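Subject: Handover of a structure, with notes

Dear colleague,

I am passing on the structure below, together with some notes on its contacts and surface. Please read the notes with the structure open beside them.

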Amino acid sequence: MSANDALHIAVLAGDGIGPEVMAPALEVLRKIESTSDLKFRFTGAPAGANNYRETGKSMPDSTVRLCDEADAILLGACGLPSVRYPDNTEIAPQIELRVHFDLYAGVRPARLIPGVPSPIVGADTRGIDLIVIRESTEGLFASMGKGIVTDTEARETLVITRKTSERLFEFSFRLAERRKARGKPGALACVDKANVFKAFAFFRGMFDEAAKRHPGVKADRMYVDACSALLVKRPWDFDVMVTENMFGDILSDLTAGLIGGMGMAPSADIGDRHAVFQPCHGTAPDIMGQGKANPTGMILSTAMMLDWLADKHGIEAAAEAGERIERAVDKVYADGIKPMEFGGSNGTADIAKAVLEAL
């Protein structure tokens with residue numbers, strides 16, 4: 001694909017504040033389009049709790065087909081506390097997309113932006129710039145909807161396979177190599193519980209095999225409990241971490257808390273052919289329609305999308321555009337913009353306007 005072709009983006013705005021943060025993210029991409037050689041074609045489609053309430057399905061088949069055909073997928077937050085499946089689990093098309101398209105690598109960056117408060121003493125001077133890579137199709141989540149519950153006990157099953165783990169580790173080492181080429185440490189830590197569970201010893205063994213194929217990356221091994229303790233003491237010591245699905249679910253929320261909260265955190269779920277980009281935060285129905293939502297995580301997710309498209313299709317202009325978005329976000333926070341979750345007065349429109357002007 002050349003940079004002169006329009007990149008087709010599937011847009012699933014989601015529920016709650018999902019559409020409210022998606023709108024400024026698309027404005028940012030249109031601004032990029034008007035100031036670069038990149039071209040985009042956006043196609044919207046329904047997904048989420050509202051669609052389930054209306055139709056009985058989290059996504060129509062047409063949405064899945066659109067996602068299959070698109071170059072990338074932008075997804076807003078999905079799900080509402082009041083809308084559930086019959087078994088009382090949440091409507092979660094984001095998880096269904098991971099399984100359907102085999103999006104095994106959940107990429108969760110945590111970078112402390114200048115001017116954003118962190119609860120960690122010293123982070124403002126030492127900085128935080130790390131990535132949690134969460135396996136996104138197996139682990140404990142492989143048991144979703146399949147658990148066994150009786151009157152006396154409940155059982156869920158953790159699954160780790162060689163096929164998925166080997167691809168996950170190759171992806172993780174390549175990402176660490178790309179970061180090293182950009183001046184980052186280029187270190188990768190396997191986070192597990194290999195001292196207790198055979199499944200995690202199996203997981204670590206495959207990591208060790210992959211490490212031999214990537215001698216330029218410093219490979220570490222950590223137990224998840226020790227990793228958690230160190231993350232809240234010395235987060236600046238971390239570069240890239242790779243872990244099982246449930247551990248990654250927890251650690252990525254923890255690391256988002258280190259950089260100002262879920263509203264600041266972008267994410268991606270990436271497979272061999274497809275990728276979904278969405279903010280880490282939820283649908284926040286308590287502030288829906290009030291203009292209070294922070295669109296930063298969604299905007300930074302578009303930057304991740306552009307970087308992935310650049311790597312996938314060799315479009316250097318897309319990588320440069322992603323860096324432009326990150327620099328614009330850095331500038332507006334350094335200049336003093338303060339979202340409401342930080343006790344400030346800046347809502348969705350203020351933040352979006354500032355980022356657009358910085359671009």
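The side chains of Arg 108 and Asp 269 meet in a salt bridge, with 3.3 Å from N to O, the term standing here for a side-chain nitrogen of Lys or Arg within 4 Å of a carboxyl oxygen of Asp or Glu. This pair links distant parts of the chain, since Arg 108 belongs to strand E4 (residues 105-111) and Asp 269 to strand E11 (residues 266-270), 161 residues apart. Helices (H or I, at least four residues) and strands (E, at least two) are DSSP runs, numbered from the N terminus. Both Arg 108 and Asp 269 are buried, where buried means under 20% relative accessible area, exposed over 50%, and partly exposed in between (1.4 Å probe, protein chains only).

Please keep in mind that this is a predicted model, in which local features need pLDDT of at least 70 and side-chain atom pairs count only at pLDDT 80 or more, while totals for chains, interfaces and linings use all residues. Residues are numbered from 1 along each chain as its sequence is written, and side-chain values use heavy atoms, with hydrogens and water left out.

By the rule given above, the count comes to 24 salt bridges. Another of them joins Arg 178 and Asp 307, whose closest N and O atoms are 3.4 Å apart. That pair, too, links distant parts of the chain, with Arg 178 in helix H6 (residues 162-181) and Asp 307 in helix H10 (residues 296-313), 129 residues apart. Arg 178 counts as partly exposed because its relative accessibility is 30%, whereas Asp 307 is buried because its relative accessible area is 18%. In a further salt bridge the side chains of Asp 220 and Lys 218 meet at 2.8 Å, N to O, and Asp 220, at a relative accessible area of 27%, is partly exposed. Salt bridges that share partners also join Asp 129, Arg 179, Lys 184 and Asp 239 into one network.

Turning to a polar contact (a pair of N or O atoms within 3.5 Å; within protein, one must be able to donate a hydrogen and the other to accept it, and residues adjacent in sequence count only if both atoms are side-chain atoms), the side chains of Ser 58 and Glu 96 are joined by one of 2.6 Å. Ser 58 lies in the loop between helix H2 (49-55) and helix H3 (61-69), and its relative accessible area of 5% makes it buried. In helix H4 (residues 93-100), the buried residues include Pro 93, Gln 94, Ile 95, Leu 97 and Arg 98, and H4 is followed by Asp 102, whose phi is positive, near 55°.

Two C-alpha separations may also be of use. Gly 263, in the loop between helix H9 (245-258) and E11, is buried at 12% relative accessibility, and its C-alpha atom is separated by 6.4 Å from that of Thr 296, 33 residues apart along the chain. Ile 148, in strand E6 (residues 148-149), is exposed, with a relative accessible area of 54%, and the C-alpha atoms of Ile 148 and Ser 228, 80 residues apart along the chain, are separated by 30 Å.

With regards
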